[in-house]
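Have a look at the structure first, then read on.

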Amino acid sequence: MDSEPLPRATVAKLVSEALPGGVHWTPDFVDLVSECASEFIHMVSAEAQEISQRGGKSTITPESIVAALKDLDFPELLDEVRAAVTAADSHAKDTSSAKRSKKLDKLGIPREELLAEQQRLFQKAKSALAAPKPP
């Protein structure tokens with residue numbers, strides 16, 4: 001396989017978290033796990049790409065990954081993958097909300113004042129729309 005290997009330290013950390021305490025392994029074992037993980041990622045990605053293309057899409061989505069795992073007969077991973085997608089979506093929403101909040105805070109205007117100004121502008125726009133137009 002010609003792909004870049006996964007970072008050795010990351011793989012070693014994942015292995016140590018997955019195995020029970022007191023289990024030792026050789027550096028060759030970590031290399032083999034890294035190679036297997038890379039092959040798995042490549043296989044799932046290639047299948048997900050085919051699924052996306054068959055659906056007329058050029059982007060691999062979480063749904064195409066789930067479908068690829070089904071097609072490749074890895075049903076035991078589906079619940080965990082769906083949970084990871086939900087967590088990622090939630091994190092993205094939280095991050096987006098936090099960014100908007102920081103932008104408002106940087107204005108230095110209290111939220112209540114901003115809301116009042118927004119309501120005033122809405123009312124002004126409604127009045128302008130309701131006003132008779134000159135002939």
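First, the ground rules. This is a predicted model, where local features need pLDDT of at least 70, side-chain atom pairs count only at pLDDT 80 or more, and totals for chains, interfaces and linings use all residues. Residues are numbered from 1 along each chain as its sequence is written, and side-chain values use heavy atoms, with hydrogens and water left out.

**Helix packing**

Helices here are DSSP runs (H or I, at least four residues), numbered from the N terminus. Helix α1 (residues 8-18) packs against α2 at an angle of about 100 degrees, and their axes are 9 Å apart. Those axes are lines fitted to C-alpha atoms over the stretch in contact, with angles running from 0 to 180 degrees between N-to-C directions. That makes α1 and α2 roughly perpendicular, a label that covers 65 to 115 degrees. On the α1 side, the contact (heavy atoms within 4.5 Å) is made by R8, V11, A12 and V15, while α2 brings P27, F29, V30, D31, V33 and S34.

Which residues make up the largest nonpolar core? Seven do: V44, A48, I51, V66, A68, L69 and L78. A core of this kind is a set of buried Ala, Val, Leu, Ile, Met, Phe, Trp, Tyr and Cys residues joined through side-chain atoms within 4.5 Å. Helices α2 and α3 each supply at least two residues of this core. Not counting residues up to four places away in sequence, V44 touches I65, A68, L69 and L72.

S64 sits in helix α3. Leaving aside neighbours within four places in sequence, S64 is in contact with A48, I51 and S52. The side chain of S64 also reaches the backbone oxygen of T61 at 2.7 Å, which is a polar contact in the sense used here: a pair of N or O atoms within 3.5 Å, one able to donate a hydrogen and the other to accept it, with residues adjacent in sequence counting only if both atoms are side-chain atoms.

**The aromatic pair**

Searching the whole structure turns up one aromatic pair. The ring centres of F40 and F74 are 5.2 Å apart and the planes are at 90 degrees, so the pair is edge-to-face. For reference, rings of Phe, Tyr and Trp (its six-membered ring) pair if their centres lie within 6.5 Å; planes under 30 degrees apart count as stacked, over 60 as edge-to-face and the rest as tilted. The pair links distant parts of the chain, with F40 in helix α2 (residues 27-54) and F74 in the loop between α3 (62-71) and α4 (78-107), 34 residues apart.

T86 is in helix α4, and its C-alpha atom is 25 Å from that of E39, 47 residues apart along the chain. I109 lies in the loop between α4 and α5 (111-130) and is in contact with L104 and L114, leaving aside neighbours within four places in sequence.

In the table, buried means under 20% relative accessible area, exposed over 50% and partly exposed in between (1.4 Å probe, protein chains only).

| Residue | Relative accessible area | Class |
|---|---|---|
| F40 | 29% | partly exposed |
| F74 | 22% | partly exposed |
| S64 | 4% | buried |
| D73 | 58% | exposed |
| T86 | 54% | exposed |
| I109 | 35% | partly exposed |

Methods. Angles under 35 degrees count as roughly parallel, over 145 as roughly antiparallel, 65 to 115 as roughly perpendicular and the rest as oblique.
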